[in-house]
Amino acid sequence: MAERKVVCFLPSYEEKLCEYPFTCLIARPVNPRFAENLSHRDYLGALMNLGIERSKIGDILIEDKICHIFCMEDMADYLCRELSFVRHTNMVLERAEIKELSITPKFETVSGSVASLRLDCILALAWQSSRSKMTPYIEGEKVFVNGRMVTSNSFLLKEEDIVSVRGFGRFVYRGVETETKKGRLFITLDRYS
């Protein structure tokens with residue numbers, strides 16, 4: 001369920017791709033006992049601090065104290081050499097075989113009632129906020145639904161839409177469970193943790 005994707009165009013005489021243009025790096029703390037609990041934001045900040053374009057980095061997946069960083073092949077050696085710290089934690093990076101990876105994202109289920117399926121209502125529920133506090137993020141072009149930027153508060157979500165908000169995270173909208181007698185909708189969503 002990758003959010004960032006790469007498109008490869010092959011010449012007509014080749015039937016399949018010989019090598020992937022990207023690779024996966026595994027970042028591990030040098031001493032796990034003294035490692036901080038690092039988040040996606042910490043890893044992305046450390047990578048951007050190296051002066052790399054965001055388009056060179058793919059998904060960043062964290063499992064326990066190990067981070068899987070997908071990047072373009074031409075950046076892998078540079079990252080292995082230069083990314084030695086994330087916040088205050090000393091890190092070591094190594095290449096991983098993509099075919100052997102099996103990472104399942106962890107979700108936190110959020111349920112509650114909303115007045116409608118408008119984007120601002122569901123964002124407010126997802127991060128226990130108000131609709132008015134979420135409006136600047138929508139209008140500020142920081143909200144993406146299925147990878148596409150949405151700038152309208154009244155955008156209606158559909159089941160299984162993946163919503164990303166820069167600075168907050170992302171979630172999968174699962175749908176309406178029931179409707180109350182007063183017409184409010186009881187919905188469920190899975191927020192990535």
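In this predicted model, R95 is partly exposed, its relative accessible area being 38%. The side chain of R95 meets that of E73 in a salt bridge, with a distance of 2.7 Å from N to O. Since R95 belongs to strand β5 and E73 to helix α2 (residues 73–82), the pair ties together parts that lie 22 residues apart in sequence. E73 likewise counts as partly exposed, at 34% relative accessibility.

Strand β5, which spans residues 89–96, is joined to strand β1 by 6 bridges, and the two strands run antiparallel. Within this pairing, P29 has M91 of β5 as its bridge partner. Strand β1 also pairs with strand β3 (residues 66–72), again in the antiparallel sense and over 6 bridges, and here the bridge partner of L25 is I69 in β3. Buried is used here for a relative accessible area under 20%. In a regular strand, side chains alternate between the two faces of the sheet.

The salt bridges of the model come to a count of 12, and the contact between R95 and E73 is one of the pairs described by this rule. Another is formed by R191 and E108, whose closest N and O atoms are 2.8 Å apart. Because R191 lies in strand β11 (residues 185–192) and E108 in strand β6 (residues 107–114), this pair ties together parts that are 83 residues apart in sequence. The two residues of the pair fall into separate accessibility classes: R191 is buried, with a relative accessible area of 12%, whereas E108 is partly exposed at 39% relative accessibility.

A further salt bridge links R81 with E82, and in this case the closest N and O atoms are 4.0 Å apart, where the cut-off for a salt bridge is a separation within 4 Å. R81 is exposed, with a relative accessible area of 57%, while E82 is partly exposed, with a relative accessible area of 37%. Salt bridges also occur in a linked arrangement, in that E36, D42 and R87 are connected in a network.

How values were computed
Residues are numbered from 1 along each chain as its sequence is written. This is a predicted model: local features need pLDDT of at least 70, side-chain atom pairs count only at pLDDT 80 or more; totals for chains, interfaces and linings use all residues. Side-chain values use heavy atoms; hydrogens and water are left out. Two strands pair if DSSP finds at least two bridges between them. Helices (H or I, at least four residues) and strands (E, at least two) are DSSP runs, numbered from the N terminus. Buried means under 20% relative accessible area, exposed over 50%, partly exposed in between (1.4 Å probe, protein chains only).
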